[in-house]
Amino acid sequence: MSNGEVSWWSEEDVRSTLPKREATGHKGTYGTGLLLAGSRDMPGAALLAGIGALRSGIGKLVIGTDKEVIGHAVSIIPEATYLSDGLKKIGDSSAGLDSYKAAAAGPGIEPDSTTEAAIKQLLSSDVPLILDAGALSERSYPERQAPVILTPHLGEFSRITGMEIKVVKEDRAGHALSLAEKLGVTIVLKGNESVIAFPDGEVYQNPTGSSALAKGGTGDTLTGMMLGMLCCHKEENWKHAVLNAVHLHGACGEKWTETRSAHTLLAHELSDLLPEVWKGYE
């Protein structure tokens, strides 16, 4: 089914495209990112994604989340700033989007009318946008200059397409590309050797990863890492940001299993591994 040639995004590709941290740079150089994540019942998702973003080169992070979550989050992520009831404020336009270089929404939020209103506003902006978890629903997407990146696992891909998981598994690259071209978005189909399909027909497979990543919260961390990468990469290199985030996320999983059992990884520990892993690519 795949009508695009599938390439591997290799270690050499990462090394040649990771941005340099300029000596004259400042936090504005590396962009402000908006993360809409976390809820009363799933506060940890905001923390996992937030830490992932802050570890991934972002200049400044704003976390839009429930008031109740902020009280717990500040002591763990003091580096972020917070937008109380962020989903609602973005949805009713009481908070603007002009100051953000990129945005991500979905980890730990419910796919309800409040979420849809926020996504509608995000899609009407010119901000690169990542949609994950609770922000993944069956919908169409408007034509826009900035990219939209959807990050489903197989179950979520099945839910938003109506395809059976076993059918998707038969040709992950082909089905991901088909959806990317149909919707005009980028699809990051997560799993063993994740597939990244762009709407222009480019398709990549990721060579890194381990079974340690098969645990709740690792996808939230990836969403945050991708947000951070979109902010620290130049706008024209947004594809590199997506591919590098997926590659380094997998490389952190590999790093864990060098000395520890794959059974034992906690999702937040991926971000703890990233500084050493990233350094190895510089």
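Visitor: Where in the secondary structure is His-153 found?

Guide: His-153 is found in the loop that runs between β7 (148–150) and α6 (154–161). Residue numbers count from 1 along each chain as its sequence is written. The model is predicted, so local features need pLDDT of at least 70 and side-chain atom pairs count only at pLDDT 80 or more, whereas totals for chains, interfaces and linings use all residues; side-chain values use heavy atoms, with hydrogens and water left out.

Visitor: Is His-153 buried, partly exposed or exposed?

Guide: The classes rest on relative accessible area, found with a 1.4 Å probe and protein chains only: buried is under 20%, exposed is over 50%, and partly exposed lies in between. His-153 has a relative accessible area of 37%, and is therefore partly exposed.

Visitor: Which residues does His-153 touch, and what does its side chain reach?

Guide: A contact requires heavy atoms within 4.5 Å. With residues up to four places away in sequence not counted, His-153 touches Leu-189 and Lys-190. A polar contact is a pair of N or O atoms within 3.5 Å; within protein, one must be able to donate a hydrogen and the other to accept it, and residues adjacent in sequence count only if both atoms are side-chain atoms. In this case the side chain of His-153 reaches the backbone nitrogen of Gly-155 at 3.1 Å.

Visitor: What annotation does UniProt give that includes His-153?

Guide: Such records use the numbering adopted here with shortened feature names, and an annotation may be inferred rather than shown by experiment. The unreviewed UniProt entry lists Ala-45, Gly-108, His-153 and Asp-220 under "binding site". From this set, the lining of the largest pocket takes in His-153 and Asp-220. On a 1 Å grid over the protein atoms alone, a pocket is an open set of points with protein on both sides within 12 Å along at least five of seven lines (in contrast to a cavity, where a 1.4 Å probe fits but cannot get out), and lining residues have an atom within 4 Å of a point.

Visitor: Where is Asp-220 found, and which residues is it in contact with?

Guide: Asp-220 is found in helix α9, which covers residues 218–232. Its relative accessibility is 15%, so Asp-220 counts as buried. Apart from neighbours within four places in sequence, Asp-220 is in contact with Ala-45, Leu-48, Ala-49, Pro-107 and Asp-132.

Visitor: Which residues does the other "binding site" annotation cover?

Guide: In the unreviewed UniProt entry, this "binding site" annotation covers Lys-190, Gly-191, Asn-192, Glu-193, Ser-194 and Gly-219. They span 30 residues in sequence, but no two of their C-alpha atoms are more than 14.0 Å apart, so they gather at one spot. Lys-190, Gly-191, Asn-192, Glu-193, Ser-194 and Gly-219 belong to the lining of the largest pocket.

Visitor: What surrounds Lys-190?

Guide: Lys-190 is found in the loop between β8 (186–189) and β9 (195–197). Lys-190 counts as buried because its relative accessibility is 14%. Residues up to four places away in sequence aside, Lys-190 touches Asp-132, Thr-151, Pro-152, His-153, Leu-154, Gly-219 and Leu-222. A polar atom of the Lys-190 side chain lies 3.1 Å from the backbone oxygen of Thr-151.

Visitor: Is Ser-194 buried or exposed, and what lies 3.0 Å from its side chain?

Guide: Ser-194 is found in the loop between β8 and β9. At 9% relative accessibility, Ser-194 is classed as buried. The backbone oxygen of Gly-191 is 3.0 Å from a polar atom of the Ser-194 side chain. Beyond its neighbours within four places in sequence, Ser-194 is in contact with Arg-172, Leu-189, Tyr-204, Gln-205, Asn-206 and Val-246.

Visitor: How many helices and strands are there, and what radius of gyration does the protein have?

Guide: The protein has 11 helices and 10 strands. The radius of gyration is taken over C-alpha atoms, and the globule rule is 2.2 Å times the number of residues to the power 0.38. A compact globule of 282 residues would have a radius near 19 Å, and the 17 Å of the protein agrees with this. The C-alpha trace spans about 45 × 40 × 40 Å along its principal axes. Of the 282 residues, 56% are buried.

Conventions: Helices (H or I, at least four residues) and strands (E, at least two) are DSSP runs, numbered from the N terminus.
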